[in-house]
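Morning, everyone. Have the structure open while I talk.

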Amino acid sequence: MSKSQFLKNFRLPNVFILLIIVFISCALLICINFFTIKILSANRAYVNGESHYSKGQKDASRHLITYLYTKEPNQWKLYTEELKVPQGDGIARKTLLAVGDNKVARQGFTIGRNHKDDLDDLVWLFVNFKNISFLAKAIHEWEEGDNLIHELFVIGTQIDAKIKYDALTATDQQKFLSQISNISDKLTINERNFSNTLGEGTRKIKSLLIITNIVFILIIILSVCTYYSIMVKRLLASKKEIEIKNEDLLVVNRELDRFVYSASHDLRSPITSLKGLIEITQLEDDIDQIKDYLRLMHQSLAKQDQFINDIIDYSKNKRKQVIIEPVSLRELFEEAISQLMHIENANRITFTQEILVDQIQSDGLRLKIIISNLISNAIKYADNSKLEMFISIKTYFSDGCNKIEVADNGIGINDEFKDSIFEMYFGTNKNKGSGLGLYIVKEAVENIKGNIAVFSESTIGSKFIVTIPNSHGI
Ligand code: ADP
C-alpha cells in the first residue's frame, strides 16, 4: 500500500479523538484556572495597595493641616513620611508605564507599603494587562490621583517655606486649608473609582471563569460518557462476536464428529464388500460369474474413489482461502462433463449448453466443486426409463448477478426430501453417492457469498440455480 493510500485509508479511532479532547480540555482548564487565580490575586493586591495609598494620603493631609496651624516640626516630618506612600506607588506606576526597570517598580510598591509577597503579582498584572480596558481605566484614575498628590506635595512645600520664613498669615492658612480639602475630596473620588473599576474587572473575570469552567467540564463529561458508551458498545459487539464464533465452533465440532463417524463407516463398507467378493470369486469356476463379480468389485472401488474425491473436495473447500480470479464457466463445464462421462448411462444423455456468460471474476476452486457435483448428480439421478434423457446447462446475467443453471429430466426429488438434500450425509441412494455432494456444494456457494435454489418434481426432473455475486460483492 502506498503512503498516500495509507493516509487516505487511515482513520483515527473515535476513542482516541475523545481522549485527546479530554486531555486538551483538562490542560486548558488547569491553565485558565491558574491564570485567573493569578489575575484575581493581583487585583486583590491592587485593592489592598489602594487602601494604603488612600490612608497615606489622608494621614499626610491631616498632618499637613495640623502643621499649618501648630507649626510643629514633628507634624511636618509625619506629613512627609505619609506622603511617601502614594508617591512610592506613583514611582512604580511611571516606571512600569515607561517599561522601565521592574526592580525600581518593586521598590516603589514597597515604599507604597504593599506586602512583599504581592510585588510579583502587582508587576505581572501591570506589565501584561495594562492595555485591558478595566486595568487601563484604573491606571488612568491612579494617574489623576498621582497628579493631585503632586499638588499636595507642592502645597506642603509652600506651607513649610512660609512657616520657616515666618510669613504665614491667617489668610494663607485659610487658603491652604481650602486647597488641601479640595485635593482630598478629589483624591477620595479617584480612589473610589480606582477600587470600583478593579472590583468590576474582578467580577467580570469571576463570571467568565465560571462559564469557562462549566463549558470545559461539560465537554469533559460528554467526552467521557461518549467514550464509555463506545467502549460498552464495543464490548457488547465483541461479546456477541464471541458467542457467534462459539456457536460456529460447536456446529463445526458436531459436523466433525459426524464426519469422522460416517467417513470411517463409508470408507470401510466398500472394502468389506470387496473382501467378500474376492473370497467368493476364489471359489468360483464359472467365467461369466467371475466377470460379474469383477464388475461388482469395480463398482465398489468406483464408490470408494467417489467418496475419497468428495472428502478431498470437502477438505479443500474448508481449508483453502477464497481467491478471486478470472474463471471461464464454459471451460469448467467442458472439463466436468468429460471427467464424468465414465458414469453409467452418461453416454445416453444429451447435453445442451447455453453459455451467455463465460468469463467471470470468482473463485475457480469453489465453482469447479459446484459445477462438477451438480452435473454428476444430474447424470447419477437420470431417469433410465425415459427414451430421451437430457441435461441442460445455462449461464446468464440477471439482477446484477451471474447465474448458473443445471436442469435435467431425471427422477426428480420427492417433496419430503427437498429440505434435507443439502444436509451432510443425506442421500436417498447409498449406492450412488456418499451424501456429501450437495452439502459441499452449499458450503462452496456460501464461501463465495452466493446462494443456491432447487426446483424439482418427482419423475419430471430437477433444476438447480446457483447465484454468484460479482467479485466486489464477495
Ligand atoms: P449423493 O452423494 O447421495 O448424490 P448429494 O448430496 O449429492 O448426495 O445429493 C443428496 C440427494 O439429493 C441425493 O441422494 C438425491 O436423492 C438428491 N438429488 C441430488 N441431485 C439430484 C438430481 N439432479 N435429481 C434427483 N435427485 C437429486
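**Pockets and ligand**

H8 provides the largest share of the lining of the largest pocket, 14 residues. Keep in mind that this is a predicted model. Other contributors of at least two residues to that lining include helix H7 (170-283) and helix H9 (329-340). The space inside is about 1,300 Å³.

Now the second largest pocket. Its volume is about 490 Å³. Its lining counts 31 residues, with Asn377, Tyr381, Ile421, Thr428 and Leu438 closest to the centre. Here H10 gives the largest share, six residues. The classes are 12 nonpolar, 16 polar and three charged.

So where does the ligand sit? In the second largest pocket. There are 18 residues around the ligand, and Asn377, Tyr381, Thr428, Gly435 and Leu438 come nearest. Helix H10 (364-380), helix H12 (437-447) and strand E7 (461-468) each supply at least two residues of that shell. H10 gives the most, three. Seven shell residues are nonpolar, nine polar and two charged.

Tyrosine 381 places a polar side-chain atom 2.7 Å away. For glycine 435, a backbone N or O atom lies at 2.9 Å. Lysine 380 has a polar side-chain atom at 3.1 Å. As for cover, the ligand on its own has 530 Å² of accessible area, and the protein covers 98% of that.

Definitions and conventions: Residues are numbered from 1 along each chain as its sequence is written. This is a predicted model: local features need pLDDT of at least 70, side-chain atom pairs count only at pLDDT 80 or more; totals for chains, interfaces and linings use all residues. Side-chain values use heavy atoms; hydrogens and water are left out. A residue is near a molecule or strand if one of its heavy atoms lies within 4 Å of it. A polar contact is a pair of N or O atoms within 3.5 Å; within protein, one must be able to donate a hydrogen and the other to accept it, and residues adjacent in sequence count only if both atoms are side-chain atoms. Accessible areas come from the Shrake-Rupley method with a 1.4 Å probe; for residues, only the protein chains shown count as cover. On a 1 Å grid over the protein atoms alone, a cavity is a set of points where a 1.4 Å probe fits but cannot get out, and a pocket is an open set with protein on both sides within 12 Å along at least five of seven lines; lining residues have an atom within 4 Å of a point. A molecule sits in a cavity or pocket if more than half of its atoms lie within 2 Å of its grid points. Helices (H or I, at least four residues) and strands (E, at least two) are DSSP runs, numbered from the N terminus. Ala, Val, Leu, Ile, Met, Phe, Trp, Tyr, Cys and Pro count as nonpolar, Asp, Glu, Lys and Arg as charged, and the others, Gly among them, as polar. Grid points are joined across faces, edges and corners, and a volume is the space filled by probe spheres set on the points.
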